[in-house]
Amino acid sequence: MKKIRKQLINWLFEKSMMLYCRFKNKQAWNITTEELLQMSHHTFGHHLGTFLNQNGFELIPKVERHDAYHVLTGMGTTVEEEIALQYICFANGKRTPYLFGVLLLGTLILPDYASLYIKAYRFGKNARTFHHFDYKQVLPVPFHQFQDMIFSEAMRKQFITYKSTQISAI
């Protein structure tokens, strides 16, 4: 049954993302994964390119920062991690209709990961504000320097360890 609920959420993500992008009033970055991978290995941009390459993704025009959030927070792309990522962003102060929709529907359809969502919320709440950055401008910044500015290393390790145990346990 959980597999079907996850498929439903994936389908909702795909359909709603297309609609959301159509009405998004932002300028696309016009950067490919290959261009990101050509950046210096220590940069945020290279880490973003590696994330995209490992997952077989390209940046989605107008919502590129979403993948930047994955890289910054260390969140993967499973359904439960996508929902947890939105909890991190919400706790960090981000407010969009799409985010509220993901939180509401994701939590109602997949409550199995409630403890992960709570921990993600706390992780985002304890982090320095990161949702407001122009991530295209952050691409050449040293990755670890930027990440350390937002999260303490201990905080990241604790959350990543918790996340791994929670996802594998359920």
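## Buried aromatic rings

In this predicted model, F123 and F159 are both buried. Their ring centres lie 4.3 Å apart with the planes at 10 degrees, so the two rings are stacked. F123 belongs to helix α7 (residues 114–126) and F159 to helix α10 (residues 153–169), so the pair ties together parts that are 36 residues apart in sequence.

A second pair, F133 and F146, has ring centres 5.1 Å apart and planes at 80 degrees, so the arrangement is edge-to-face. F133 sits in the loop between α7 and α8 (135–138), while F146 sits in helix α9 (residues 143–150), so this pair ties together parts that are 13 residues apart in sequence. With 3% relative accessibility, F146 counts as buried, because the cut-off for that class is under 20%.

The structure holds 15 aromatic pairs. One aromatic cluster is formed by F44, Y69, F123, F130, F133, Y135, F143, F146, F151 and F159. The residues of both pairs described above are among its members.

## The nonpolar core

The largest nonpolar core has 46 residues. Within this core, F44, L48, L72, I83, F130, Y135 and F151 touch the most other members. Helix α5 (residues 79–91) provides the largest share of the core, namely eight residues.

L48 may be examined in detail. When residues up to four places away in sequence are not counted, L48 touches W29, L36, L59, D67, A68, V71 and L139.

## Helix α4

Helix α4 (residues 64–73) is mostly covered, with nine of its ten residues buried.

## The packing of α5 against α7

Two packed helices are described by the angle between their axes and the distance between the axes. For α5 and α7, the axes come within 7 Å and cross at roughly 35 degrees. This crossing is right-handed. From α5, the contact is made by E80, I83, A84, Y87, I88, F90 and A91. From α7, it is made by L116, Y117, A120, Y121, F123, G124 and K125. These residues divide into eleven nonpolar, one polar and two charged.

Y113 lies in the loop between α6 (97–109) and α7. At 1% relative accessibility, Y113 counts as buried. Y113 and E80 are 33 residues apart in sequence, yet their C-alpha atoms are 6.8 Å apart in space.

## Loop residues with positive phi

Most residues other than glycine have a negative phi. N30 has a positive phi of about 55 degrees although it is not a glycine. N30 lies in the loop between α1 (2–23) and α2 (33–37). With a relative accessible area of 66%, N30 is exposed, because the cut-off for that class is over 50%.

K62 also has a positive phi, near 80 degrees, and is a residue other than glycine. K62 is found in the loop between α3 (44–55) and α4. Its relative accessibility is 28%, so K62 counts as partly exposed.

Notes
Residues numbered from 1 in each chain as written. Predicted model: local features only at pLDDT ≥ 70, side-chain atom pairs only at ≥ 80, totals over all residues. Heavy atoms only, no water. Phe/Tyr/Trp six-rings, centres within 6.5 Å; stacked < 30°, edge-to-face > 60°. Helix = DSSP H or I, 4+ residues; strand = E, 2+ residues; numbered from the N terminus. Buried < 20%, exposed > 50% of the residue type's maximum accessible area, 1.4 Å probe, protein only. Core = buried A, V, L, I, M, F, W, Y, C linked by side-chain atoms within 4.5 Å. Contact = heavy atoms within 4.5 Å. Axes fitted to C-alpha atoms, helices over the stretch in contact; angles between N-to-C directions. Left-handed = near helix turned anticlockwise from the far one by under 90°. Nonpolar A, V, L, I, M, F, W, Y, C, P; charged D, E, K, R; others polar.
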